[in-house]
Amino acid sequence: MVVRAKPATRTSGLAGRLQVSFRRRFYVLVLLVSVTVVYLWRKVETANVARQVDQALARIEALHDERSRLNAAIAFRMKPGAIQGVAVTELGMIYPSGQLTELADDMTGGSLAD
């Protein structure tokens, strides 16, 4: 008597089709979830970059305003009247009077023109 082994058969029929269908659905689901996660991650990153750009633009505007104020302050302080005011009030400087000049003339023993 010869015993023959049954050949290995693939799952056939309804059970096989259900298994293939389940795998396809699983892979499609994994693909959809992956695409959704990547899409949302890109949206979040785009929002972060947009926020940083807005902050940078606000900082640029503030720096332009500060630069304008500083230029105005420089222009004001470069005026001769402002320089004289600082010299008199903050440094205590005064214009020499004729009396001081005469005192210097007396100390040298004559006039300074000699």
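Author: Happy to! Let's start with V30, which lies in helix α1, the element covering residues 14-77. The model is a predicted one, and α1 has the highest mean pLDDT among the elements of the chain, at 92.

Is V30 buried, partly exposed or exposed? Its relative accessibility is 38%, so V30 counts as partly exposed, because that class lies between the 20% limit for buried and the 50% limit for exposed.

Now let's step back to the whole chain. Its secondary structure consists of three helices and zero strands, so to speak an α-α-α order when followed from the N terminus. Of the 114 residues, 3% count as buried. The accessible surface of the chain amounts to about 11100 Å², and carbon and sulfur atoms account for 64% of that area.

A friendly word on confidence before you work with the coordinates. The chain has a mean pLDDT of 81, with 68% of its residues at 70 or more. Helix α3, residues 98-108, has the lowest mean among the elements, at 55. Where pLDDT is low, the predicted coordinates should not be read in detail.

Methods: Residues numbered from 1 in each chain as written. Predicted model: local features only at pLDDT ≥ 70, side-chain atom pairs only at ≥ 80, totals over all residues. Heavy atoms only, no water. Helix = DSSP H or I, 4+ residues; strand = E, 2+ residues; numbered from the N terminus. Buried < 20%, exposed > 50% of the residue type's maximum accessible area, 1.4 Å probe, protein only. pLDDT = per-residue confidence, 0-100. Areas by Shrake-Rupley, 256 points an atom, 1.4 Å probe, with all protein chains shown as cover.
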